[in-house]
Amino acid sequence: MKRELYEKLYSSIRDRDCLFELASRNGVSYETLLSIYSQKYQCITRKNMRHHRNPEAMGKYFNWFVDLLCREYEAVTAEGGRSQKPILLHIAEEVSLAPCLLARIVLEVFWHVAGGLSFESAAASLEPMRRLGRAEVARLVEVNFVHAQRLAGTKQKFPKREQGVAAAAAAAVAPSASAESSSSQHPTAAAPSSAGPARRAPGELAAAGAAAASDGEGERGGANESATAPPASSSSSSSSSGSLKANVNRCFKDPATNIADPRLAWEVEQCVRYDDNYSPLVDKIRHVVGLEYEYVLQEKVRNLGIDFKDEDDLRREGYAKTPDIMLNLPVAVDGHVVNWIESKASFGDDYSHGSYLPQFWGYQNRYGPGLVIYWFGFVDDLDADRSKGILVMDRFPDTIVRMSLG
């Protein structure tokens with residue numbers, strides 16, 4: 001594809017709905033435009049992700065989610081009915097972020113606020129947040145996540161201050177508890193605090209969740225075991241629940257099984273279902289399409305009677321670098337020697353081709369010249385390394401000259 005046409009298509013793509021029209025108007029396949037659309041969306045996301053991933057923005061998104069959740073509960077209670085709308089999808093659309101990326105942010109903040117509990121634990125529930133109220137949850141997010149992330153991200157070391165985040169929050173709760181105790185015995189001795197509601201310790205939300213789970217343990221299996229667990233500290237959570245990344249990744253694999261809170265599980269399920277760029281389902285589709293085109297490549301080579309080894313053969317023989325096709329005898333394509341063939345079920349743009357080049361050069365350095373096939377097309381001027389041993393095409397070669405051993 002000429003660069004002029006590529007830039008025209010790139011600038012014309014707004015969303016998936018316009019792809020069929022662009023395909024028919026410009027004589028380009030829908031699959032090619034879908035690949036370009038996906039690459040454009042990911043490019044925009046990479047540029048903007050630093051704004052979404054800063055602690056203040058992450059805390060804001062989580063508080064937004066809790067606020068809408070509380071508003072929905074209040075409205076449903078007032079109307080006496082039931083209504084569930086995917087809140088995360090709404091927020092993702094408002095902030096122009098992929099739903100699964102937003103869900104990951106919300107899960108990460110929730111993990112910190114809940115004291116590092118596994119999402120499979122019945123104590124990791126949204127119900128305590130509704131009981132605490134928006135202001136208290138926002139304060140908890142500020143103490144347990146935003147402030148802690150600020151300290152963790154700085155180059156300076158504040159060991160006492162960083163470790164004291166939880167201790168300071170717990171100290172703020174202790175006077176309030178003692179005041180409540182004394183006021184119950186001596187009502188006249190109680191005085192209102194000018195500092196407002198006391199901050200809650202990191203494990204307090206988890207403890208509240210455990211209590212809620214204990215009250216309704218008949219609704220979900222295994223709640224009794226989780227409800228009796230003490231509030232998780234940073235050290236105990238790492239040993240009992242695993243890392244944050246592992247916890248979040250499990251949530252996306254099977255939300256209904258790996259997230260105990262039914263509403264949170266449903267919200268993540270909706271994100272996985274409707275995210276057409278960063279969903280695990282989309283990743284699986286891309287993987288299957290990649291395998292399909294590798295099979296197509298193998299069949300085309302096999303039908304020509306050319307002997308080759310595939311990736312599995314190369315791994316069994318102990319090769320460190322494994323192209324999709326390794327020819328037992330080299331062939332010639334357009335006057336260039338080809339020892340290996342690599343299949344890419346995508347469009348080759350500047351970013352993707354640049355990210356693949358180290359892989360291609362690794363093949364070239366070990367096995368000699370080879371061929372790369374971008375099945376959905378590529379920008380023509382990226383085929384600039386033929387003389388150095390990397391040939392780029394958008395289809396299987398029409399003509400292959402085989403080596404004669406006679």
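**Packing of helix pairs**

Modeller: In this predicted model, helix α1 (residues 3-12) packs with helix α3 (residues 30-52) at an angle of about 65°, and their axes are 10 Å apart. Angles of 65 to 115 degrees count as roughly perpendicular, so α1 is roughly perpendicular to α3. The crossing of these two helices is right-handed. On the α1 side, the contact is made by Y6, L9, Y10 and S11, and on the α3 side by L33, I36, K40 and C43. By class, the residues of this contact comprise six that are nonpolar, one that is polar and one that is charged.

A second pair can be described in the same terms. Helix α6 (residues 99-113) and helix α13 (residues 244-253) pack at an angle of about 130°, with 10 Å between their axes. That angle makes α6 oblique to α13. The crossing of α6 with α13 is right-handed. From α6, the residues C100, A103, R104, L107, E108, W111 and H112 take part in the contact, while α13 contributes L244, N247, V248, N249, C251 and F252. The contact of α6 with α13 divides into eight nonpolar, three polar and two charged residues.

To set the two descriptions side by side: α1 and α3 pack at about 65° with axes 10 Å apart, and α6 and α13 pack at about 130° with axes 10 Å apart.

Key:
Residues are numbered from 1 along each chain as its sequence is written. This is a predicted model: local features need pLDDT of at least 70, side-chain atom pairs count only at pLDDT 80 or more; totals for chains, interfaces and linings use all residues. Side-chain values use heavy atoms; hydrogens and water are left out. Axes are lines fitted to C-alpha atoms, for helices over the stretch in contact, and angles run from 0 to 180 degrees between N-to-C directions. Helices (H or I, at least four residues) and strands (E, at least two) are DSSP runs, numbered from the N terminus. Angles under 35 degrees count as roughly parallel, over 145 as roughly antiparallel, 65 to 115 as roughly perpendicular and the rest as oblique. A crossing is left-handed if the near helix is turned anticlockwise from the far one by less than a right angle, and right-handed if clockwise. Contact means heavy atoms within 4.5 Å. Ala, Val, Leu, Ile, Met, Phe, Trp, Tyr, Cys and Pro count as nonpolar, Asp, Glu, Lys and Arg as charged, and the others, Gly among them, as polar.
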